Amino acid sequence: MILATALMPVALAAQEARDAPEATQSAPAAAEAAAPTTADTPDTPGAEAPPTAAESKPEKEESAPETIVASLSQNRVSITASFDGSEILIFGAVKRERPAPDGPLHVIITVSGPSMPTTVRRKERVAGIWVNTDAVEIDAAPSFYAVSTTAPLPEILSEVSDLRHRISIERAIRSVGAPATITDSPAFTEALIRIREKQDLYALLENSTTLLDDALFRTEIALPANLVEGNYTTRIYLLRGGRVVEESDTTIFVSKVGVERWIFNLAHEQPLIYGLLSLFIAIAAGWGASAVFRYMRF
């Protein structure tokens, strides 16, 4: 009895020693389950919260691009026997969805006729007679070209934009590959511009475009009587700081109608019939005039 009483503490100590590892192993698992994860707790040091929609937006929204809404008083010009020129009214508006950007707005409107090659010759006095000496072939020159602006052209259009878009009259004419014997080829281009300005085929109309409230614009461009048949392109440019920010274009159709169209087609498509008909008309006119004078004599 005394021996059993003495051995009981030893048995209890051994039992506690066997149960202690299980309690030690279960403690980390309980601590891991109780600890919050980084994904669930954004305030955990070292963790970054995802950006909100308000934080991802830029501080200042950029202005929307400006667009052109334009129209013409007429998009077709008919050349008849009594045609002595016409006038085109070009008008439109600048469409925006947001406030306009900073800086003044300017408008340039151009009307360009069909481009074709042409030859410019220089005349010099030789032995008292004016004769053609040098000649330069212009690769492409518009048959008609008019530029209308809201301000003087050099003040609103930079050289880079002019070179890129070919807005000015000088840039609209393409001349490359002058003969090596000619050292002043730009003088031939200037001569072509000067001649066609006298014929009202080239025109620079500065300050002739009206712009109201940076939104509404209008201008009038006169077409002379000596127009070449073909498609005429109207281009509208919006400029800020000397740079083109928007461009729009439309087409004006110029064509002969009536008897002029019939004679033109006959001369180009049936030259033999046209020649015989011209000869017959000349003979008939001569005989008729002779008969009338004989009748008047008596």
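I109 has I236 of strand 11 as its bridge partner, and that pair is a handy way into this fold. Before going on, a few ground rules. The model is predicted, so local features need pLDDT of at least 70 and side-chain atom pairs count only at pLDDT 80 or more, while totals for chains, interfaces and linings use all residues. Numbering starts from 1 along each chain as its sequence is written, and side-chain values use heavy atoms, with hydrogens and water left out.

**The sheet**

Strand 4 (residues 106–112) pairs with strand 11 in the antiparallel sense over seven bridges. Strands here are DSSP runs of E with at least two residues, helices are runs of H or I with at least four, and both are numbered from the N terminus. Two strands count as paired if DSSP finds at least two bridges between them. In general, strands of a sheet pair through backbone hydrogen bonds, either parallel or antiparallel.

Zoom out and you get an open sheet of six strands in the order 2-12-11-4-7-8, with mixed pairing. Strand 2 (76–79) and strand 8 (202–205) sit at the edges, each pairing on one side only. On average, neighbouring strands are turned by 15° against each other, direction ignored; angles run from 0 to 180 degrees between N-to-C directions, and axes are lines fitted to C-alpha atoms, for helices over the stretch in contact.

| Strands | Sense | Bridges |
|---|---|---|
| Strand 4 and strand 11 | antiparallel | seven |
| Strand 11 and strand 12 | antiparallel | 11 |
| Strand 2 and strand 12 | parallel | four |

**The core**

The largest nonpolar core holds 48 residues, and I90, I108, F144, Y202 and L227 have the most contacts inside it. Such a core is a set of buried Ala, Val, Leu, Ile, Met, Phe, Trp, Tyr and Cys residues joined through side-chain atoms within 4.5 Å. Strand 11 (residues 230–240) gives the most to this core, with five residues.

Leaving aside neighbours within four places in sequence, I90 is in contact (heavy atoms within 4.5 Å) with residues including I109 and I236. That brings us back to the bridge pair we started from.

Helix 7 (residues 259–269) and helix 8 (residues 271–297) pack at about 115°, with axes 5 Å apart. Among the residues making the contact are W262, I263 and L266 of helix 7 and P271, Y274 and L277 of helix 8. By class, the contact has eight nonpolar, one polar and one charged residues.

L277 of helix 8 touches W262 and L266, not counting residues up to four places away in sequence. L277 counts as partly exposed because its relative accessibility is 33%; buried means under 20% relative accessible area, exposed over 50%, and partly exposed in between (1.4 Å probe, protein chains only).

R166 has a positive phi of about 55° although it is not a glycine. R166 lies in the loop between helix 4 (159–165) and helix 5 (169–172) and is partly exposed at 41%. D200, also not a glycine, has a positive phi of about 65°. D200 is in the loop between helix 6 (185–198) and strand 8, and with a relative accessible area of 53% it is exposed.

Note on methods: Ala, Val, Leu, Ile, Met, Phe, Trp, Tyr, Cys and Pro count as nonpolar, Asp, Glu, Lys and Arg as charged, and the others, Gly among them, as polar.
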